[in-house]
Amino acid sequence: MPLLKNNEFVSDDWAFLPDDAALPESGKVVVSLTRLVKDWDQLVEFTGLLGLSLANSERTDELEAYLPQLTLVVLTFPAFTDGRAYSQARELRLQGYRGELRAQGNLLPDQFQYLNQVGFDSFVVDERFSLVDWQGASKQMSLAYQRGLYRTAGEREVWSQRHQGFAAWEEQPHAG
Amino acid sequence: MYRYDEFDHQFVSERTAQFRDQANRRMAGVITEDEFRPLRLMNGLYLQLHAYMLRVAIPYGTLSGKQMRQLAYIADKYDRGYGHFTTRQNIQYNWIKLEESADILQDLADVEMHAIQTSGNCIRNVTTDHWAGAAADELLDPRPIGELIRQWSSLHPEFSFLPRKFKFAITGAPHDRAAVKVHDIGLRAHKNDKGETGWEVMVGGGQGRTPMVAVTVRDFLPEKDVIPYLEAIMRVYNLYGRRDNKYKARIKILVHELGAEKFKAEVEAEYARNPAQTTEVEQRELARIEKYFAKPALEKLSRFAPHFEEAKRANPDFARWAKNNLAAHQHDGYTIVNISLKPEGGIPGDASGEQMRVMATLGERYSQDELRVSHAQNIVLPHVKLDDVFAVWQALKAADLAAANYGLVGDIIACPGLDYCALATARSIPIAQALSRKFADVARQEHYGPVKLNISGCINACGHHHVGHIGILGLDKKGEEFYQITLGGSSSEKASIGTILGPGFAAHEVPDAIETILETYVKLREPGEEFLAAYRRVGPKPFKEALYATA
């Protein structure tokens, strides 16, 4: 399935490493939380790039020690109606995670702005939607009331616009 | 009243355009009904038994005359000349066509209204005390914080796909008329020892299949912390609320399964972990909103209104209506007029387009251009001069809006039931109609005193039967409708869930059963003792005996 990043389809050079597979010498590997915790001493020494794939039932509030070592975190939407990963994403960004934050699963263009706003910056998407669908969906609404969320250039925060000159809530920027 | 600025206008108009596109894609078959469903629901559009139903948000139940007139226009143009005011202080139209739905949203946007988040697993329309800004016992107007929450929760990217729907209710008065303890989150304003105002935060109340009274997670939350603290509660719920069973997905179940203390600890830990960086903007925004809710410039009047007193002496029907349907205003010489949408034999909460226009005009002429929808499905004129009340009553009477049963047994809350609703297991409207005919005599209703009689057509409890002093729940037993009766519920500051009395009744038996209950109460009450107080004193036993000895 295509990987969407910065409103373009790009190739995906990450590989998921099953829990029982040996760690390669280098490369870009994604591991489970179980593997991350169990083999942490070994993974810290890994010379390639490290990613984490998190189920939406796994807690994000005990990951702080691992985050600086991670270049990718993958969160999953088993169904588009299951919104747990929105909060997981927000938690990770609030904890200062600056790497790539990837959404996979049942993603629909009508949720695309929400996904961006909570801090996702790459998306494994279904082939039945075209790039044009996603690009259009990324600018359906140009205003949002909430503060402290990620905004693209075309989006404005209503409250910050109304009360200019006051400190903004700083959102951790996307990795891009 | 709150007025949209350029940002609010743009937000609603973009949202309307977005919905028009979604509806067009659905009609063209580009998206499936499964994919369209959550999109239309987030814009208040349901598919019911016979047609689409559109639920329009009336934030904290407040309307201008112009807005009420537009609701009348929509009723006439797109529905069958009616609208149905709901227990969420909203209005529903039951006969809507998909192809016209985007036009209706545009008509609403023209008068600064929308249907955003009146459905779906998201934060729903915020409700407050329907006497806000007018009630004599009020500490502060709950609507500014309600508007702040409305804006913050509108298309919140993190909280639009919650485990289940989520309802806020807010009261700024010690007497809770907003039923805050049976909402997912209830807020109550009060003052601390230092005289500062803050909010008690209650979580996990609700009705439905598992009725529960909310638990307090913070006794006194400073006003500036409300938004960040609500974010923490919502995040804990979004992450840990159950999603395996839709009947166990409300926050009340999470609070119950974790236990109040553990739930509180999770929220406090979340709040401590991600404190708001600043709340200056939120405070500024609240101050900006508060200006819109400044007290209206009411005249300095004497408490004694000679014209009003004279009219009552001359006209006993008016005197009776005035006794039951007015409430104490905080300003001398003014009163709160409660318009009962419960005429004899009527459908609770229904109003015709013509009636809406009459009420709009009365609001404009006599009530500072303000009307309210109450969660008991009535309309309120919040700021009426006592000396104008007779003129208001005459106009109401001419429009069949002068039922004098406010707060009495005829003032029934009922859901649409099996006549409209796809979830219902039994009809509620015909039961409400039969009861209102049975107790049509207002003198008889006064004899019984204040009674809240609430009817739901299924276990989801949209008709608030759990918190009715008398609750009626319609169920289906092998294709036959039957009705279970509960007693002792209340949605007040002393909230309680009603107790089931015993086996249910067939539809035609319900009016007599309710009469038996009321007559039993009359026999055992102490002087001046209201129904609920009497029930709480004696318990269900005498009622059971009376009901099942004769049944």
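This is a predicted model: local features need pLDDT of at least 70, side-chain atom pairs count only at pLDDT 80 or more; totals for chains, interfaces and linings use all residues.
Which residue is the bridge partner of B:Ser456 in β18(B)?

Residues are numbered from 1 along each chain as its sequence is written, and chains are lettered from A and ligands numbered from 1 in the order in which they are written.

Back to the opening. The partner of B:Ser456 is B:Leu473. That bridge belongs to a pair of strands in chain B. Strand β17 (residues 453–456) and strand β18 (residues 470–477) run parallel, joined by four bridges. Strands here are DSSP runs of E, at least two residues; helices are runs of H or I, at least four; both are numbered from the N terminus. Strands pair if DSSP finds at least two bridges between them.

β18(B) has another partner. Eight bridges join β18(B) to β19 (residues 480–487) of chain B, and these two run antiparallel.

Now the helices of chain B. α1(B) packs on α4 (residues 98–110) of chain B at about 175°, with the axes 9 Å apart. Axes are lines fitted to C-alpha atoms, for helices over the stretch in contact, and angles run from 0 to 180 degrees between N-to-C directions. So α1(B) is roughly antiparallel to α4(B), a label for angles over 145 degrees. On the α1(B) side, the contact includes B:Val12, B:Phe19 and B:Met27. On the α4(B) side, B:Leu98, B:Ala102 and B:Leu105 are among the residues. By class, this contact has eight nonpolar, four polar and two charged residues. Nonpolar means Ala, Val, Leu, Ile, Met, Phe, Trp, Tyr, Cys and Pro; charged means Asp, Glu, Lys and Arg; the others, Gly among them, are polar.

Look at B:Phe19 in α1 of chain B. Is B:Phe19 buried or exposed? B:Phe19 is buried, because 23 other C-beta atoms lie within 10 Å. The cut-off for buried is 20 or more such atoms within 10 Å, with C-beta atoms placed from the backbone. Leaving out residues up to four places away in sequence, B:Phe19 touches B:Asn43, B:Ala102 and B:Leu105.

Next, where the chains meet. 34 residues of chain B are in contact with 34 residues of chain A. Contact means C-beta atoms, placed from the backbone, within 7 Å. α1(B) gives the most to the side of chain B that touches chain A: seven residues. That side has 11 nonpolar, 12 polar and 11 charged residues.

Finally, chain A. Chain A has six helices and 10 strands. Eight strands make an open sheet with mixed pairing, in the order β2-β1-β8-β7-β6-β5-β4-β3. β2 (8–10) and β3 (15–16) of chain A stand at the edges with a single partner strand each, so one side of each has no neighbour in the sheet. β1 (residues 3–5) and β2 of chain A pair antiparallel over three bridges, and A:Leu3 stands opposite A:Val10. Helix α3 (residues 84–94) of chain A lies across β5 (49–54), β6 (70–77) and β7 (100–105) of chain A, at about 160° to β6(A). Buried residues make up 35% of the 176 residues in chain A.

Conventions: Two residues are in contact if their C-beta atoms, placed from the backbone, lie within 7 Å. Angles under 35 degrees count as roughly parallel, over 145 as roughly antiparallel, 65 to 115 as roughly perpendicular and the rest as oblique. A residue is buried if 20 or more other C-beta atoms lie within 10 Å of its own, exposed if 12 or fewer, and partly exposed in between; C-beta atoms are placed from the backbone.
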